[in-house]
Amino acid sequence: MEQKRRKYYFPNKESNQKKRRHLTLETGMTGFLCTCNFREKDCVRDAYKLLNEFADEIYGLNNDKISTICAKEESVVNEIQSPENEQQNNSDEEDISTALSKEINQLKAESEKPIASRRFQVVYTGVKNVVFIKSTLSNPLELVSHIIKELDRTKQQRSRFLLRLLPIEVVCKAYMNDIKSTASVILEKYFSQEPKTYSIVFNRHSNDSIHREEIINDLAEIIKKKNPGNRANLKNPELAVVVEVIRGTCLISVAPDYYKYRKYNLLEICAVKQNMTCAKDCTIKNSDTDKKEIEISNKSITDTENLLTQDNEDDNATMSETSNIIK
């Protein structure tokens with residue numbers, strides 16, 4: 001008996017390299033930096049849902065969404081206007097498999113669209129719990145500020161696994177010369193006209209070549225050169241320059257009211273109201289318990305006073321009886 005040869009299957013390396021090349025964090029990108037706790041896929045889903053919902057409100061529907069909605073409306077109108085619709089409903093001849101195949105084809109067509117045409121696209125960062133979503137929007141700060149103000153107004157939690165949502169102005173290489181040149185261009189429109197208070201926030205992930213003190217000193221010098229009236233304020237600045245270094249790339253963001261909105265942490269923004277309501281409930285409960293304790297103490301005092309008066313009356317009665325007997 002001849003032994004069968006084993007079949008060895010090798011993956012197509014070229015296709016994988018192309019996908020990785022398109023979906024890695026590169027210089028020149030703008031978008032949103034998201035953080036999570038060990039649930040990256042769920043974080044991406046929450047981010048897509050939140051960003052698409054508010055982007056549709058501000059900028060209108062995307063062209064792809066408009067085309068799909070128009071196609072669905074046309075199909076519905078054709079089904080209603082067709083004379084054979086009644087016969088089909090009566091006979092129930094519509095095949096479910098064809099409907100499923102249509103949906104599958106639509107999903108495939110959406111997934112095969114070029115990445116440059118998508119409004120939001122997740123990008124591989126190479127660091128756990130850190131997700132970057134590339135965007136075609138020219139001003140990501142406008143969208144994030146709208147989301148944060150709405151959450152702060154309603155105090156309604158809109159995400160479960162998405163923690164921080166930070167707008168990224170630009171991505172550059174993690175070298176000091178590149179960081180200085182890109183930062184000077186971005187900071188020009190924020191700090192050159194009116195004097196403002198600022199703070200510099202630095203975080204790094206999987207990088208040891210860039211140091212905190214060097215970044216803070218160099219960026220503070222650039223901000224001073226833009227306008228000598230700019231002052232540092234670490235507690236409550238008007239603008240916070242956030243520098244996130246991820247491996248070999250540097251992400252720069254300018255966030256207004258950074259500490260007021262809990263460092264752009266969506267869950268903490270919505271949790272403020274819950275903490276306030278809990279504190280109010282605790283104070284009400286404590287006041288009720290204090291009232292009850294005061295009432296109990298007053299009752300005990302009145303009871304003791306009544307007992308003392310009864311004892312005094314009894315003593316007076318016994319004294320009068322003894323005096324009568326002696327007489």
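Over how many bridges do strand 1 and strand 4 pair, and in which sense? Strand 1 (residues 31–35) pairs with strand 4 in the antiparallel sense, over four bridges; two strands count as paired if DSSP finds at least two bridges between them. Within this pairing, Cys34 has Leu165 of strand 4 as its bridge partner. In general, the strands of a sheet pair through backbone hydrogen bonds, either parallel or antiparallel.

The model is predicted, so local features need pLDDT of at least 70 and side-chain atom pairs count only at pLDDT 80 or more, while totals for chains, interfaces and linings use all residues. Residues are numbered from 1 along each chain as its sequence is written, and side-chain values use heavy atoms, with hydrogens and water left out.

The secondary structure of the protein chain comes to nine helices and nine strands. Helices (H or I, at least four residues) and strands (E, at least two) are DSSP runs, numbered from the N terminus. Of the 327 residues in the chain, 31% are buried, where buried means under 20% relative accessible area, exposed over 50%, and partly exposed in between (1.4 Å probe, protein chains only).

Strand 2 is joined to strand 3 by four bridges, and Val123 has Phe132 of strand 3 as its bridge partner. These two strands form a hairpin with six residues between them, and Gly126 in the turn has a positive phi of about 85 degrees.

Axes are lines fitted to C-alpha atoms, for helices over the stretch in contact, and angles run from 0 to 180 degrees between N-to-C directions. Contact means heavy atoms within 4.5 Å.

Helix 2 has 20 residues and reaches 27 Å from its first C-alpha to its last, close to the 28 Å expected at 1.5 Å a residue. Its buried residues include Leu50, Leu51, Phe54 and Ala55. Just after helix 2, Gly60 takes a positive phi of about 90 degrees.

How do the two helices meet? The axes of helix 2 (residues 40–59) and helix 6 (residues 140–154) come within 10 Å and cross at roughly 105 degrees. That makes helix 2 roughly perpendicular to helix 6, a description used for angles of 65 to 115 degrees. Among the residues making the contact are Leu50 and Phe54 of helix 2 and Leu143 and Ile147 of helix 6.

Strand 8 (residues 239–246) runs antiparallel to strand 9 and is joined to it by eight bridges, with Val242 and Ser253 as bridge partners. The two form a hairpin with two residues between them, and Arg247 in the turn has a positive phi of about 55 degrees. Strand 5 (residues 170–173) is also antiparallel to strand 9, through four bridges.

Methods:
Parallel < 35°, antiparallel > 145°, perpendicular 65-115°, else oblique. Expected span 1.5 Å × (residues − 1).
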